[in-house]
Amino acid sequence: MKRRITIIAILFIGLALNGCGAYNFSGASTGTAESFQVNFFQNLADQNPGSTFEPQLDRDFTIALQDLIANLTSLTLTNSNGDLLYEGEIVEYRVAPMTATANQTAAQNRLTMTVQVRFYNKTKEDSDFDRRFSFFYDFDASQLLESVKSEAHEVLFERITQDIFNASLADW
């Protein structure tokens with residue numbers, strides 16, 4: 001009798017674990033796609049009046065997008081002929097004063113980053129898009145951008161890459 005209960009318990013646990021395999025909590029719907037490609041996001045921010053050029057921003061952003069998609073899906077990263085293709089440019093990277101003090105000086109600055117993204121899905125062409133994604137990071141005006149850049153980039157990359165992921169693969 002005890003052996004029968006043990007066998008039933010093992011079968012139940014096995015079926016429960018097997019059933020969980022069909023779900024993924026990222027909300028990604030990759031369909032029949034097996035691979036993805038993220039082309040280098042060139043930094044063209046200096047061509048936008050008021051924006052500045054930040055060295056390595058293009059490389060760091062491209063890697064952040066590749067990492068997010070690789071971590072949230074079972075797709076394979078490829079250098080060419082990916083079923084899903086992400087490409088685009090960084091079109092804005094600017095710091096602007098946000099709030100003023102009683103002395104007419106800036107109390108807070110805002111770093112804004114905007115990325116133009118073109119997404120192509122070879123397995124489901126009606127999901128292709130060409131659009132902009134943008135986010136900002138506010139910091140105290142007494143601080144230099146250099147002193148908050150690492151944290152700012154982490155926040156900007158996390159939000160923008162997640163927005164790109166949601167627009168291209170989230171099926172909520």
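Colleague: A salt bridge here is a side-chain nitrogen of Lys or Arg within 4 Å of a carboxyl oxygen of Asp or Glu. With which residue does Glu-54 form one?

Modeller: With Lys-149, and the closest N and O atoms are 2.7 Å apart. Glu-54 is in the loop between β2 (42-43) and α2, while Lys-149 is in helix α3, so this bridge ties together parts that are 95 residues apart in sequence. Helices (H or I, at least four residues) and strands (E, at least two) are DSSP runs, numbered from the N terminus.

Colleague: What should I keep in mind about the model itself?

Modeller: It is a predicted model, where local features need pLDDT of at least 70 and side-chain atom pairs pLDDT 80 or more, though totals for chains, interfaces and linings use all residues. Numbering runs from 1 along each chain as its sequence is written, and side-chain values use heavy atoms, leaving out hydrogens and water.

Colleague: Back to that bridge. Is Glu-54 buried or exposed?

Modeller: Buried, with a relative accessible area of 11%. Lys-149 is buried too, at 12%. The cut-offs are under 20% for buried, over 50% for exposed and partly exposed in between (1.4 Å probe, protein chains only).

Colleague: Which residues are linked with Glu-54 in a network?

Modeller: Salt bridges link Glu-54, Glu-146 and Lys-149.

Colleague: Nice. How many salt bridges does a search of the whole structure find?

Modeller: Eight. Arg-110 and Asp-138 form one of these, with their closest N and O atoms 2.7 Å apart. Arg-110 belongs to strand β5 and Asp-138 to strand β6, so parts that are 28 residues apart in sequence are tied together. Arg-110 is partly exposed at 21% relative accessibility, and Asp-138 is partly exposed at 26%.

Colleague: What about Arg-159 and Asp-163, how do their side chains meet?

Modeller: In a salt bridge as well, at 3.4 Å from N to O. These two are four residues apart in helix α3, or about one helical turn. Arg-159 comes out at 39% relative accessibility and counts as partly exposed, as does Asp-163 at 24%.

Colleague: Changing topic: how many aromatic pairs are there?

Modeller: Seven across the whole structure. Among them is Phe-135 with Phe-136, stacked at 5.0 Å centre to centre and 20° between the planes. Rings of Phe, Tyr and Trp (its six-membered ring) pair if their centres lie within 6.5 Å; planes under 30 degrees apart are stacked, over 60 edge-to-face, the rest tilted. Phe-135 is buried at 18% relative accessibility, whereas Phe-136 is partly exposed at 33%.

Colleague: And which ring does Tyr-137 pair with?

Modeller: The ring of Phe-139, again stacked, with 6.4 Å between centres and 20° between the planes. Tyr-137 and Phe-139 are both buried. Elsewhere, ring pairs join Tyr-86, Phe-119, Phe-129 and Phe-133 into a cluster.

Colleague: Last topic, the nonpolar core. How many residues are in the largest one?

Modeller: There are 33, and Phe-61, Leu-84, Tyr-86, Met-113, Val-115, Ile-160 and Ile-164 touch the most other members. At least two residues each come from β1 (35-38), α2 (57-72), β4 (84-100), β5 (106-121), β6 (129-140) and α3 (145-169). The largest share, eight residues, is from α3. A core means buried Ala, Val, Leu, Ile, Met, Phe, Trp, Tyr and Cys joined through side-chain atoms within 4.5 Å.

Colleague: Which residues does Phe-61 touch?

Modeller: Leaving out residues up to four places away in sequence, Phe-61 touches Phe-41, Ile-90, Met-113, Val-115, Phe-157, Ile-160, Thr-161 and Ile-164 (contact is heavy atoms within 4.5 Å).
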